[in-house]
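Notebook open. Today I'm looking up pockets and helix packing, one entry at a time.

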Amino acid sequence: MKWQEQGELNCPIARSLAIFGDRWTLLIIRHCFLKIRRFDDFQKQLGVTRHVLAERLNRLVDARILEKVAYQDAPKRYEYRLTERGLALYPIILAISHWGNSWLNDQGEFASVSYIHKSCGQKTQTVMCCSACGEVLNARDMLPVFEDIQHSS
């Protein structure tokens, strides 16, 4: 199966990974949350080739995760800004960062990234809770249920 065909599978994870499942795309999204918006700044910060960066940015625009906003007319230049759909990825970025801090830094050789909740000024971490009862979620307590596709008549 080709990578692009993942987006057509009846699996929300496969469809999502077809958009942002390669090593550069999530790093681009992370940089968007760090207020990086311009092509040359992404390229300088990430060290990704211009061709790969252009392809990934176009894919994110096509998926409506980023929008292109002109900031210069001659020559035409754009900034890439997160849409509401893109902003909804923030908990995923936080969760991946927390997982990397917890599980991929055993020797403490890397600086950890902390997140401060601006409202209260305290360090925080991603905790997924049940929307019904508030209990912290873990894999052993979950049961996936595949629901039928709803067709309108």
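**Entry 1: second largest pocket.** I started by listing what lines the second largest pocket: P91, I92, A95, I96, H98, W99, Q125, T126, V127, M128, V136 and L137. Worth noting before I go on: this is a predicted model. I looked up the volume next, and the second largest pocket holds about 330 Å³ of space. Then I sorted its lining by class and got nine nonpolar residues, three polar ones and no charged ones.

**Entry 2: largest pocket.** How much space lies in the largest pocket? I get about 560 Å³. Its lining takes in 20 residues, and R30, I93, S97, V113 and Y115 are the closest to the pocket centre. By class I count twelve nonpolar, four polar and four charged residues in the lining of the largest pocket.

Which helix gives the most to that lining? My look-up says α6, with six residues. Helix α2 (23–33) also turns up here: α2 and α6 (90–103) each supply at least two residues of the lining of the largest pocket.

**Entry 3: α2 against α6.** The α2 and α6 axes cross at roughly 105° and come within 11 Å. An angle from 65 to 115 degrees counts as roughly perpendicular, so I'm writing α2 and α6 down as roughly perpendicular to each other.

Which residues meet there? On the α2 side I have L26, I29, R30 and F33, and on the α6 side Y90, I93 and I96. Sorted by class, this contact has six nonpolar residues, no polar ones and one charged one.

**Entry 4: α3 against α4.** Helix α3 covers residues 39–46 and helix α4 covers residues 50–62; they pack at an angle of about 120°, with axes 10 Å apart. That angle makes α3 oblique to α4. I also looked up the handedness, and α3 passes α4 in a right-handed crossing.

For the contact itself, I noted F39, D40, F42 and Q43 in α3 meeting R50, L53, A54 and L57 in α4. By class, that contact comes to five nonpolar, one polar and two charged residues.

Technical notes: Residues numbered from 1 in each chain as written. Predicted model: local features only at pLDDT ≥ 70, side-chain atom pairs only at ≥ 80, totals over all residues. Heavy atoms only, no water. Axes fitted to C-alpha atoms, helices over the stretch in contact; angles between N-to-C directions. Helix = DSSP H or I, 4+ residues; strand = E, 2+ residues; numbered from the N terminus. Parallel < 35°, antiparallel > 145°, perpendicular 65-115°, else oblique. Left-handed = near helix turned anticlockwise from the far one by under 90°. Contact = heavy atoms within 4.5 Å. Nonpolar A, V, L, I, M, F, W, Y, C, P; charged D, E, K, R; others polar. 1 Å grid on protein atoms, 1.4 Å probe; cavity = no way out; pocket = protein on both sides within 12 Å on 5 of 7 lines; lining within 4 Å. Points joined across faces, edges and corners; volume = space filled by probe spheres on them.
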